[in-house]
Amino acid sequence: MRRYEAVVVGVSAGGLQALSVLLGCLPGDFPLPVLIVQHRLESSDSYLAESLDRSLRIRVREAEDKLELEGGCVYLAPAGYHLLVEETRTASLSVDPRVNYSRPSVDVLFESAAYVYGPRCIGVVLTGANGDGSAGLARIAAAGGLAVVQDPQEAEYDAMPRAAIAAAKADYILPLTGIGSLLSRLAQEEE
C-alpha cells in the first residue's frame with residue numbers, strides 16, 4: 001500500500017508560473033491524484049487547465065462534481081466553486097460562501113483532504129498574496145499528513161508561504177523544483 005494517497009496544492013498570485021514549474025517536474029504516470037486550488041476570478045474560463053494540460057506530461061483537467069479521483073491526473077478547482085474531497089474519494093464542488101475572501105478557497109480543500117486522507121495526505125502551499133491555506137495546512141499536519149511550503153524567498157508573492165509556515169510546522173520548505181522531486185519520491189514510497 002502506498003504511504004500517501006493524494007496531494008493537495010494551494011496557490012494564488014504568481015500561480016501559473018509556479019504550477020508550470022512544479023507540475024512540470026511530475027511524470028505522466030505520477031501515481032497520486034493532485035487537487036489544486038488556484039485563486040482566480042469567478043468569470044475565468046477553463047484556459048488554465050487547458051494550457052497546463054497541453055504543456056505538461058501529467059493530465060490536467062477541471063474538477064467536476066462527483067468525479068472519481070485518479071492517479072496521474074491534476075484536478076483544478078473551477079472558478080467560483082470550492083473544491084472538496086468526499087469520503088468516497090470523489091471530488092465535490094460547492095458554492096458555499098467565500099472563505100478568506102476566496103471561492104475556491106485553499107483552506108476548504110485542505111480541511112476536507114485532511115479529514116478524508118489523514119496521514120496519507122500531502123499538503124503544499126505555494127506563492128500567493130494572502131493567508132489562505134495556512135489553517136488548512138495546519139489541519140493536514142495535525143492529522144499526521146505532510147506539510148510542504150514553497151521557500152518564501154523563491155515565491156513570486158511570499159505572503160501565503162510565510163502565513164503557512166507561521167501556522168503549521170512545515171515538514172519541508174523547498175524551491176519549486178525541490179517540491180516536485182520530493183513529491184515524485186514520496187509518491188513511490190510504500191509502507
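Author: Two strands pair if DSSP finds at least two bridges between them. The model discussed here is predicted.

Reader: In β6, which residue is the bridge partner of L83?

Author: Strand β5 covers residues 82-85 and strand β6 covers residues 91-94. The two run antiparallel and are joined by 4 bridges. Within this pairing, the partner of L83 is L93.

Reader: Which residue in the turn of the β5 and β6 hairpin has a positive phi?

Author: The hairpin leaves 5 residues between β5 and β6. The residue in question lies in the loop between these strands and is not a glycine, although its phi is about 65°. The residue is R89.

Reader: Does R89 count as buried, exposed or partly exposed, and at what relative accessibility?

Author: Buried means under 20% relative accessible area and exposed over 50%, with partly exposed in between. R89 falls in the middle class, so R89 counts as partly exposed, at 29%.

Reader: What is the phi of N100, and where is N100 placed?

Author: N100 is in the loop between β6 and α3. N100 is not a glycine, and at 34% relative accessibility it counts as partly exposed. Its phi is positive, at about 55°.

Reader: Why do the buried residues of α1 line one face of the helix, and within what arc do they fall?

Author: Helix α1 takes in residues 15-24, and its buried residues are G15, A18, L19, L22 and L23. An α-helix has 3.6 residues a turn, so residues three or four places apart point the same way. Seen down the axis of α1, the buried residues line one face because they fall within an arc of 110°.

Reader: Which elements are included in what covers the buried residues of α1?

Author: The cover includes strands β1 (6-11), β2 (34-38) and β4 (73-76). It also includes the helices α2 (47-55) and α6 (176-188).

Reader: What is the distance between the end C-alpha atoms of α6?

Author: The buried residues of α6 include L176, I179, L183 and A187, and their cover includes β1, α1, β7, β8 and β9. At 1.5 Å a residue, the 13 residues of α6 should span 18 Å. The end C-alpha atoms agree with this, at 19 Å.

Reader: Is P152 buried or exposed, and what is its relative accessible area?

Author: P152 is found in the loop between β8 and α5 (159-167). Leaving aside neighbours within four places in sequence, P152 is in contact with D158, P161, R162, I165 and I173. P152 is buried, with a relative accessible area of 9%.

Reader: What is the radius of gyration of the protein chain?

Author: The chain has 6 helices and 9 strands, and its C-alpha trace spans about 40 × 35 × 30 Å along the principal axes. Of its 191 residues, 54% count as buried. A compact globule of 191 residues would have a radius near 16 Å; the chain agrees with this, at 14 Å.

Definitions and conventions: Residues numbered from 1 in each chain as written. Predicted model: local features only at pLDDT ≥ 70, side-chain atom pairs only at ≥ 80, totals over all residues. Heavy atoms only, no water. Buried < 20%, exposed > 50% of the residue type's maximum accessible area, 1.4 Å probe, protein only. Arc of directions from axis to C-beta. Contact = heavy atoms within 4.5 Å. Expected span 1.5 Å × (residues − 1). Rg over C-alpha atoms; globule rule 2.2 N^0.38 Å.
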